[in-house]
Amino acid sequence: MFKRLKYLVKLASCFRAYKKSSIHRTLQLSSNVKLVSANSGEKTPHFLFCVDEINRQQKLLVKIIAEKADLSIERELAAFEIMNATMPAKTGFQYPRIHGHDMSVPVIVMDYVNSPSAYKLLLDEESTVQPYEIFEKIIDWLRQLHEIKGTEHGVWSAETAHGFLRGDDKVYEIKDTKYREFAEEILISLRNEAKSMVDVEILKSFSHGDAHLGNFIWDGTELYGFDFSEWAYRVPEYDLAQLMFAFAFYCEDSFLTICEKACVLYPSINKGRLIFMTKVMAANWMVLTMRESENFELEKGNIVDVAGKTAEVFG
């Protein structure tokens, strides 16, 4: 298998050398290989290829990490090992099978699901899939994933809650005074809210860690979860908060309405913690977006959207 993919490994080496996001436009691939995506961002730069395995009559997804030192392949393999041992794929809870890996590249080969992501489905004006149909399926998928528990109890406390805030040391890098002050105000309110948290003993669950709409694929029958490179044992509200904040951009309902629906679908979730975690996701994303805009004036329309959505989450 890996001998037949030598040219893909060579492409990955080129990607490491040049780090150009446009490099995929010049790639000349054989007829049985299709480039699915190429990401040259700072976080886990990678290639995703779809390969036709003619002898096996199936399609495989080949993920090649552009940084040899990156540990995301190791993390994904560990996640699949845990899931296969404790929560095998079944109806309503699917994830790709692993066909092989090579840590010297590093590369991982898994099933390819030839269907759009939940993100693309919600953007497609011709799609007949309703937003809440996808929302319900992803929440049910996450609920099943969270049945995998860690072996040690943890404590949800003021310190734990504050630890999820990642914008404190970055907010001062926002150049526009108006939006910097807006971000500071939100972070102060969250710090104060975190201080009021009462210590509660919890048993952490297996958390996907990057539960945005692009990491779920609906093939019309089953929902598949992908990309487990950010997994860890966390409170289950972490994954749901990521999903809820992402979903809010594609739904006309208010944040609190979405939260109520999530709690009905996932009765064991802690509503107060879910609301707090969603606020944290909104604040972290807002600070990161505002801080990383290279040309604030060109990005101002997007920044306004981010600020508006964040304000909506905070009510």
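**Interior side chains**

Modeller: Cysteine 259 counts as buried, at 0% relative accessibility; buried means under 20% relative accessible area, exposed over 50% and partly exposed in between, with a 1.4 Å probe and protein chains only. The model is predicted, with local features needing pLDDT of at least 70 and side-chain atom pairs counting only at pLDDT 80 or more, while totals for chains, interfaces and linings use all residues. Residues are numbered from 1 along each chain as its sequence is written, and side-chain values use heavy atoms, without hydrogens and water.

Cysteine 251 is buried as well, with a relative accessible area of 13%. Cysteine 259 is in no disulfide, the nearest cysteine sulfur being that of cysteine 263, 4.3 Å away. A disulfide here is a pair of cysteine sulfur atoms within 2.5 Å, and the count comes to 0 by this rule.

Nonpolar side chains in soluble globular proteins tend to be buried together. A nonpolar core is a set of buried Ala, Val, Leu, Ile, Met, Phe, Trp, Tyr and Cys residues joined through side-chain atoms within 4.5 Å. The largest has 68 residues, and Phe135, Ile138, Leu142, Trp156, Leu274 and Phe276 have the most contacts inside it. Its largest share, 10 residues, comes from helix α9, residues 271–292 (helices are DSSP runs of H or I, at least four residues; strands are runs of E, at least two; both are numbered from the N terminus). A second, separate core of 12 residues includes Ile73, Ile108, Met110 and Ile217.

Tryptophan 218 lies in strand β8, residues 216–218, and is buried at 10% relative accessibility.
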